[in-house]
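Try each task before you read its solution.

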Amino acid sequence: MKANRKAMIAGATGLVGSQLLARLLQSDLYAQVIAPSRKPLATTHEKLTTEIFAFEEIPDLAVASPSLFQVDDVFCCLGTTLKTAGSKQAFEAVDYGHVLALAKACEQQGAQRFFLGSAVGANPESSNFYSQVKGRTEVAVSKLGFSSVYWIRPSLLLGERDEHRAGEAWAQRLAPLFSPVLAGPLRQFRPVTAADVASHIMEQAASDTPGQHITYPSARRAR
């Protein structure tokens with residue numbers, strides 16, 4: 001894998017995104033890391049550049065300022081919840097609309113690889129709205145011209161979020177009880193820490209295998 005690459009990370013303030021940003025900045029693979037955000041990030045680093053814009057502005061920016069999206073690899077950790085979004089339409093605007101707009105803008109400027117934080121169970125035919133949107137997003141991005149796409153499908157994420165999610169908090173407390181019974185094919189459904197997801201993504205980034213790849217951080221064995 002060629003070093004001195006240029007990466008873009010979307011969602012760098014989130015649970016996985018913040019962990020992944022730290023690893024990208026430490027990695028010898030990347031000479032520059034671009035992090036689009038509505039406001040400057042608290043993190044500072046000689047490799048890091050924060051581009052200030054809202055994700056709903058991407059289609060217009062792709063026309064007006066295409067150089068913003070000239071990167072080699074794109075790491076997308078965008079995502080919300082139905083409760084936070086307020087409606088199915090608003091949820092879809094983020095988890096499908098913003099993700100696809102970012103992918104298109106970067107692919108048109110020559111980005112080679114796209115890494116998407118998706119979710120276990122993602123399926124465009126699912127009866128579950130969340131899983132259906134995640135699946136449709138995967139399909140839409142797969143139709144673009146990236147040489148490699150990686151669908152990272154974690155199960156329940158463990159870690160401290162800035163926003164409180166009551167149901168998820170209870171699930172995190174119960175996780176140690178049911179994780180041991182999730183073995184073999186069920187291992188992909190094990191809860192996984194955000195740090196382990198970020199490390200898993202970096203392992204994929206260090207490889208150089210063209211094509212489409214579905215990976216399950218929850219099934220990653222501890223080393």
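A residue counts as buried when its relative accessible area is under 20%. Keep in mind that this is a predicted model.

**Exercise 1.** Decide whether Phe 146 is buried or exposed.

*Solution.* Start with the relative accessible area of Phe 146, which is 10%. That value is under the cut-off, so Phe 146 is buried. Phe 114, at 0% relative accessibility, counts as buried too.

**Exercise 2.** Classify the ring pair of Phe 53 and Phe 55, then that of Phe 114 and Phe 146.

*Solution.* The structure has eight aromatic pairs in total. For Phe 53 and Phe 55, the ring centres are 6.2 Å apart and the planes stand at 75°. Planes over 60 degrees apart count as edge-to-face, so this pair of Phe 53 and Phe 55 is edge-to-face. Both of these residues, Phe 53 and Phe 55, are buried.

For Phe 114 and Phe 146, the centres lie 5.3 Å apart with planes at 40°, so the pair is tilted. Phe 114 sits in strand E5 and Phe 146 in the loop between helix H5 and strand E6, 32 residues apart, so the pair links distant parts of the chain.

**Exercise 3.** Work out how helix H1 and helix H7 are placed against each other.

*Solution.* The axes of H1 (residues 15–26) and H7 (residues 194–206) come within 8 Å and cross at roughly 45°. That angle makes H1 oblique to H7. The crossing is right-handed. Among the residues making the contact are Leu 15 and Leu 20 of H1 and Ala 198 and Met 202 of H7. By class, the contact has 10 nonpolar, two polar and one charged residues.

Technical notes:
Residues are numbered from 1 along each chain as its sequence is written. This is a predicted model: local features need pLDDT of at least 70, side-chain atom pairs count only at pLDDT 80 or more; totals for chains, interfaces and linings use all residues. Side-chain values use heavy atoms; hydrogens and water are left out. Axes are lines fitted to C-alpha atoms, for helices over the stretch in contact, and angles run from 0 to 180 degrees between N-to-C directions. Helices (H or I, at least four residues) and strands (E, at least two) are DSSP runs, numbered from the N terminus. Angles under 35 degrees count as roughly parallel, over 145 as roughly antiparallel, 65 to 115 as roughly perpendicular and the rest as oblique. A crossing is left-handed if the near helix is turned anticlockwise from the far one by less than a right angle, and right-handed if clockwise. Contact means heavy atoms within 4.5 Å. Ala, Val, Leu, Ile, Met, Phe, Trp, Tyr, Cys and Pro count as nonpolar, Asp, Glu, Lys and Arg as charged, and the others, Gly among them, as polar. Rings of Phe, Tyr and Trp (its six-membered ring) pair if their centres lie within 6.5 Å; planes under 30 degrees apart count as stacked, over 60 as edge-to-face and the rest as tilted. Buried means under 20% relative accessible area, exposed over 50%, partly exposed in between (1.4 Å probe, protein chains only).
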